[in-house]
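This report goes through a structure region by region. The sequence and the model are shown first.

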Amino acid sequence: MGILTLEKKALFSFLFLSGLALLAILFPIISSSDPNYFDPNLIGEPKSPSFAHLFGTDDLGRDILIRCIYGSRISLMVGFISVGISITIGTLVGVVSGYAGGVADEIIMRIVDMFMAIPTLFLILTIQVMMEPSITNVMVVIGLTSWMGVSRLVRAEVLSVKNRLFITAAKARGISLGPLLFKHILPHCLNPVIVAAMLGMGSAILVESVLSFLGLGVQPPHASWGNMLENSLSFLRQAPWMALIPGVLITLTVLALNFLGDGIRTYFDPRSKTSARH
Amino acid sequence: MPYLFKRLLGSVPLLLGICFLSFMIMHLAPGDPTLMFMDPSVSLQDLAQVRENLGLDKPILVQFALWLKHLFQGDLGYSFVSGKPVIEAILERFPATLFLSISSLILILCITFPLGLISGYKKGSMFDDCVTVFSFIGLSIPTFWLGLVFILFFSLELNWFPTSGYLDPGYQYSQWYVKLSNIGAHIFLPLLTIIVGGVACLTRYHRFSIIQILNQDYIKAGRARGLSETRLLFKHSFKNAAMPIITILGMDLPSLIGGSYIIEFIFSWPGMGQLGVASVFSRDYPILMGMILFSSILIITGNLLADLAYKWVDPRVS
């Protein structure tokens with residue numbers, strides 16, 4: 001690597017993400033600005049960025065900076081919770097499938113194949129239309145449709161761990177199945193899961209933005225980066241900053257998550273230094 | 001050939017499972033499709049009649065069995081909204097989607113191979129750094145937003161390309177080359193949007209496999225025997241390095257297809273994606289089922305082709 005080493009990229013990403021998370025958590029506590037407050041003088045036409053409104057205002061005279069900060073709460077929350085759901089399901093399925101082996105493993109893996117052959121985004125869109133669009137639904141649906149990769153990773157790790165000596169020793173001591181799986185096997189399988197969590201958060205944030213952009217995710221007046229983009233469509237020529245700012249924020253956040261995931265992977269497995277693959 | 005037969009046979013239960021799963025998800029979800037396109041003033045009795053006509057009053061498993069029976073007769077039902085046969089509605093959109101995805105696939109490969117090759121060969125150079133950063137950024141940009149930015153910049157600001165559509169009205173009966181250039185202008189931006197994501201994803205893998213292969217002993221031996229670097233790269237590394245790309249293309253097909261649906265929607269490209277997103281909004285079950293089935297067949301076929309290509313590139317794979 002040249003000027004920007006992998007470590008530096010991961011460090012910058014970590015700083016950026018923690019800054020964003022702090023702002024998202026603390027801003028509503030320390031500031032009384034309301035994301036839906038509108039300046040009656042500015043209503044009707046979006047105003048370009050100025051000192052009073054650093055990111056400009058939208059068509060309803062609302063401050064875009066404040067809405068972006070509130071939008072970051074949504075994006076980060078969607079990332080955390082949907083990845084939490086997918087990691088939980090994926091880990092359970094992977095551990096069971098890998099440890100059980102035989103017919104059970106075969107059946108479970110075919111089901112995983114089945115889920116993987118469905119165009120996920122399309123399925124999510126379909127489900128979202130059927131249900132009342134809400135933040136909770138978005139998180140649950142993304143979580144329920146993105147666990148397959150994790151289950152494959154965990155299964156592969158379990159397969160490589162389950163015949164090692166310390167597991168045989170634990171079994172010889174008469175340990176019961178639960179502690180064996182979750183205290184002895186699982187901890188050895190978590191490294192790829194942490195990396196997958198980082199990358200998964202990135203893609204969950206992307207999916208949320210698509211859903212909200214299509215009006216199927218977070219509903220106005222709540223601010224999310226995706227529905228700010230939807231709103232910007234009507235003013236694309238007149239107020240390009242309304243479309244550019246939330247998009248840049250999404251890109252930066254996902255980029256930071258990808259860099260961080262890559263950095264963590266290299267830390268766990270220095271041989272992959274040249275790789276940058278998932 | 002027995003291999004191909006076995007694989008084809010294996011994909012039948014896979015397809016059945018996919019059908020069952022998507023059918024269940026869509027029918028168990030709350031929301032009545034008849035309410036979407038019926039006049040609110042219609043009486044409850046008429047509504048019940050409509051539901052009966054559409055078969056929506058039967059138990060869900062019976063509905064699925066009926067749907068399957070019709071499927072085997074080559075009948076996927078009729079669109080709730082337009083009344084067209086589902087197969088016809090999808091097939092008439094298919095060429096535009098195929099055109100867009102095949103041309104983007106070819107361009108993606110044409111760009112990825114040289115980019116990954118140079119970047120892997122000159123590992124750690126300025127060029128390599130730029131490629132790596134570009135591919136990370138390309139993976140992180142929301143594609144639909146990139147499409148919007150392209151529209152904003154190339155269409156609205158510079159006025160170089162049309163914002164949407166396939167062919168301007170009035171060009172229907174023009175000379176073929178006029179028509180072709182008009183289609184070319186329309187396809188340019190959607191193509192560019194899809195290519196950025198695809199190249200970003202594949203280049204990282206290709207670079208990595210080039211690096212791995214160049215470290216292998218047979219390359220060192222070749223170098224020691226005095227083979228030229230070009231020969232080493234193109235004759236001895238290229239084919240081996242293409243293998244992971246084939247696997248990944250097969251694996252990432254679902255997201256490629258899903259992503260291009262949104263792009264089609266943004267640019268009003270008259271393909272399956274636009275139809276799909278429109279049917280999502282009008283809760284057109286038969287069309288959605290047909291779309292999911294059709295896309296899944298495409299994905300499974302893609303995976304199969306990837307496996308076959310893999311065997312062809314590397315005869316050791318059994």
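## A nonpolar surface patch

A patch, as the word is used here, is made of residues with over 30% relative accessible area and no salt bridge, with nonpolar side chains joined within 5 Å. The model is predicted, and local features are described where pLDDT is at least 70. In chain A, L22(A), I25(A), L26(A), I29(A) and I30(A) make up a nonpolar patch of this kind on the surface. Together these residues have about 550 Å² of accessible area.

One of the residues in the patch is I25(A), which belongs to helix α1 (residues 6-30) of chain A. The relative accessible area of I25(A) is 53%. I25(A) is therefore classed as exposed, since that class begins over 50%.

## The interface between chain A and chain B

How much area do chain A and chain B bury between them? The value is about 4,700 Å², of which 78% is on carbon and sulfur atoms. The size of an interface is often stated in this way, as the accessible area lost when the parts come together. Chain A contributes 47 residues to the contact and chain B contributes 49 residues.

No salt bridges are counted between chain A and chain B. Polar contact between chain A and chain B amounts to three residue pairs, with both residues at pLDDT 80 or more. On the side of chain A that touches chain B, the elements giving two or more residues are α3 (102-117), α4 (120-130), α9 (190-213) and α11 (240-268). The most comes from α11(A), with 12 residues.

## S296(B) and its contacts

S296(B) sits in helix α12 (residues 285-313) of chain B. Its relative accessibility is 0%, so S296(B) counts as buried. Which residues does S296(B) touch, not counting those up to four places away in sequence? They are A117(A), I118(A) and P119(A) in chain A, together with L15(B) and I18(B) in chain B.

## Salt bridges

Over all chains, the whole structure has seven salt bridges. Side chains of opposite charge can pair when their charged atoms come close. One of the pairs is R155(A) with D105(A), at 2.7 Å from N to O. This pair links distant parts of the chain, as R155(A) is in helix α6 (residues 148-161) of chain A and D105(A) is in helix α3 of chain A, 50 residues apart. D105(A) has a relative accessible area of 9% and is therefore buried.

A salt bridge also joins the side chains of E106(A) and R110(A), with an N to O distance of 2.5 Å. E106(A) and R110(A) are separated by about one helical turn because they lie four residues apart in helix α3 of chain A. E106(A) is partly exposed at 44% relative accessibility, and R110(A) is partly exposed with a relative accessible area of 41%. E106(A) and R110(A) also belong to a network of salt bridges that includes D113(A) and R152(A).

D262(A) and R265(A) form a salt bridge through their side chains, at 3.1 Å from N to O. Both residues lie in helix α11 of chain A, three residues apart, which is about one turn of the helix. Are D262(A) and R265(A) buried or exposed? D262(A) is buried because its relative accessible area is 3%, and R265(A) counts as buried at 14% relative accessibility.

## The surroundings of I205(A)

I205(A) is a residue of helix α9 of chain A. With a relative accessibility of 1%, I205(A) counts as buried. Setting aside neighbours within four places in sequence, the contacts of I205(A) are S75(A), G79(A), I250(A), T253(A), V254(A) and L257(A).

I205(A) and I74(A) are 131 residues apart along the chain. The separation of their C-alpha atoms is 9.1 Å.

## A positive phi in chain B

Most residues other than glycine have a negative phi. What is the phi of S268(B)? The angle is near 50°, a positive value in a residue other than glycine. S268(B) lies in the loop between α10 (229-266) and α11 (272-282) of chain B. At 29% relative accessibility, S268(B) is classed as partly exposed.

Terms used. Residues numbered from 1 in each chain as written. Chains lettered and ligands numbered in written order. Heavy atoms only, no water. Patch = residues over 30% accessible without salt bridge, like charges linked within 9 Å, V, L, I, M, F, W, Y side chains within 5 Å. Areas by Shrake-Rupley, 256 points an atom, 1.4 Å probe, with all protein chains shown as cover. Salt bridge = Lys/Arg side-chain N within 4 Å of Asp/Glu carboxyl O. Buried < 20%, exposed > 50% of the residue type's maximum accessible area, 1.4 Å probe, protein only. Contact = heavy atoms within 4.5 Å. Buried area = accessible area lost by both parts, 1.4 Å probe. Polar contact = N/O pair within 3.5 Å; in protein donor to acceptor, adjacent residues only side chain to side chain.
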